[in-house]
Amino acid sequence: MMMKKSVARLVIALSLIIGSASAGHAQAQLEDVTVTEHQIQLNGQQMQYTASAGRIPIRASGSDDPHAQMFFVAYRARTKDANDRTPRPLTVIWNGGPGGPALSILLGGQGPKRIEADSRIVDNEDTILADTDLLFIDAVGSGFSRMTRPEYAKEFYQTRGDNDAFIECVLAWRRLFKAEDQPLYLGGISWGGYRVAAMGNALEKRGVHVSGEIYMSGRTGLSGAGPEQKFAPLQIVNYPRIALFHGKLSPSLGTDIDAIEQQVKSWALETYMPALQRLPKLTVPEREAIAAKLALYSGLPLAKIDRRSLVVTPTEMLTGLLADRKQQLVTNDMRDIAGKGDPALKTIRFTAAVRYLRDDLAYRTALAYAPSPWEAAEADAFAPTGSEAPEWDYLSGYYSHPRPAAETKAANEKAIAQGYPPGGQDIPLTDEAMHINPKMKLLVVNGRFDSLRSCASTQEQLKGVEPALRSRITFRCVDGGHGFFLNNPAVRRTFNADIRALIADRLAP
């Protein structure tokens, strides 16, 4: 249910937020902002909140020259006690990509609204807005975020530039909306995990404390590339669950999937991983024994197991498990079959979500909402020669290794071909940030049906984190895919409960 909407453009909106700022000063700060008033029923009680939407200029360092405008949506709840001056927490949540817009996350689970499978926008009874204000941001080139000139694309379509833009956007938003005293929490999904790690590190070094970080199906910045690569083969632990779901698991293993996973995990840690450490020296019988286990646990035909690598990559699982049915699994959720379902529904849901921004939040703009930087020119219809988006520059990441750029690029291309996420960081930025801030805590969540992340490999990586930091990290493995809380009520509720516990500082590791 929504109250009578009060829409404020530019000066009025900023006067509500900034106070006595003049119109001229307001125009120098923000392109334009809308503010709307809403209410929602939570646990039988009415909660009023304000939604603001607008774009923040991202300026070149030390100048007043905007190189981009980043779109945001913020929700701020009104406290029941008008005399309570305790700052509410602020949680910033972003998508992955790289270069992904926030829309699916905005309406996916934590905000006051969510989108149903039938494209209806409904009140989200699981929202965490009662516990924290929320800020969602579109990456430059996606959503309503844009560069001010096409030639600036290379500044933002890279790991470091992308992170720096988000840092500037969040710091600017906090200044403009009087949020600098609010305890800060950062959350990112998928590639957004890189951003959480890099941004948390940068803010701590600037004296801006981050109370907690939330990693959703993404890397944590707690270790370098070595552990990530070392434990990647442990994805075999989750493969039996996927094979069972599709009727491809050998009946000899039974149907108690939790017991089967434990069996596979014990074999993987005690036999499989040690064998991979001496891979070049394995005999033919040893290789055949391991290949037989990999086929048994993955559901793939024995002939499809690579005897040289002895690893079942995500791509091999996606393309091979249902090859006899001429079907492929979906990367983000391996329970789904590629090409199934009505493709028009995706367009309908996307259109409904964008209308929420334009109608419910009253953000009127001639811009098309771009699903990604590479689709922005097409979405806006006019693309002058030379304005095409360049490829994402992974080489601009945070690396500690001395490897030549060409080798790093080749390694990324190989990882992508095998179905693994590309690299963008091997410096343990989160380790450093947690040392700077001894109160920072982490919530790390993976989905069991995600081909891009592995519960088992993440668990083993976390075991290698020094005990003083490990005690401040909570890990969850849930029944979901890459976007585990999207369209998944049970997981959404438990995940949001964990976020509330993190904010209340009562989340058990």
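Modeller: Helices α5 and α6 cross in a right-handed sense (right-handed if the near helix is turned clockwise from the far one by less than a right angle, left-handed if anticlockwise). This is a predicted model, in which local features need pLDDT of at least 70 and side-chain atom pairs count only at pLDDT 80 or more, while totals for chains, interfaces and linings use all residues. Residues are numbered from 1 along each chain as its sequence is written, and side-chain values use heavy atoms, with hydrogens and water left out. Helices (H or I, at least four residues) and strands (E, at least two) are DSSP runs, numbered from the N terminus.

The axes of α5 and α6 (residues 192-205) come within 10 Å and cross at roughly 60° (axes are lines fitted to C-alpha atoms, for helices over the stretch in contact, with angles from 0 to 180 degrees between N-to-C directions). The pair is therefore oblique (under 35 degrees counts as roughly parallel, over 145 as roughly antiparallel, 65 to 115 as roughly perpendicular, and the rest as oblique). On the α5 side, D162, N163, F166, I167, V170 and L171 meet Y194, R195, A198, M199, A202 and L203 of α6 (contact means heavy atoms within 4.5 Å). By class, this contact divides into nine nonpolar, one polar and two charged residues (nonpolar is Ala, Val, Leu, Ile, Met, Phe, Trp, Tyr, Cys and Pro; charged is Asp, Glu, Lys and Arg; the others, Gly among them, are polar).

In the loop between α5 (159-176) and β9 (184-189) sits K178. K178 is not a glycine, yet has a positive phi of about 50°.

From α9, Q263, V264, W267, Y272 and A275 meet I290, K293, L294 and Y297 of α10. The α9 contact with α10 has seven nonpolar, one polar and one charged residues.

The whole structure holds two cavities of 30 Å³ or more (on a 1 Å grid over the protein atoms alone, a cavity is a set of points where a 1.4 Å probe fits but cannot get out; lining residues have an atom within 4 Å of a point). Grid points are joined across faces, edges and corners, and a volume is the space filled by probe spheres set on the points.

The largest cavity has about 50 Å³ of space. Its lining is F71, F72, V73, A102, L103, L106, F136, I137, D138, L357 and Y369. Two or more of these residues come from each of β3 (66-77), α3 (103-106) and β7 (133-137), and the largest share, three residues, is from β3. Ten lining residues of the largest cavity are nonpolar, none is polar and one is charged.

G97 and P98 are joined by a cis peptide bond, with omega about 5°.

The second largest cavity, about 40 Å³ in volume, is lined by Q235, N238, Y239, I242, M334, R448, D450, R453 and S454. The lining of the second largest cavity splits into three nonpolar, three polar and three charged residues.

Key: On a 1 Å grid over the protein atoms alone, a cavity is a set of points where a 1.4 Å probe fits but cannot get out, and a pocket is an open set with protein on both sides within 12 Å along at least five of seven lines; lining residues have an atom within 4 Å of a point.
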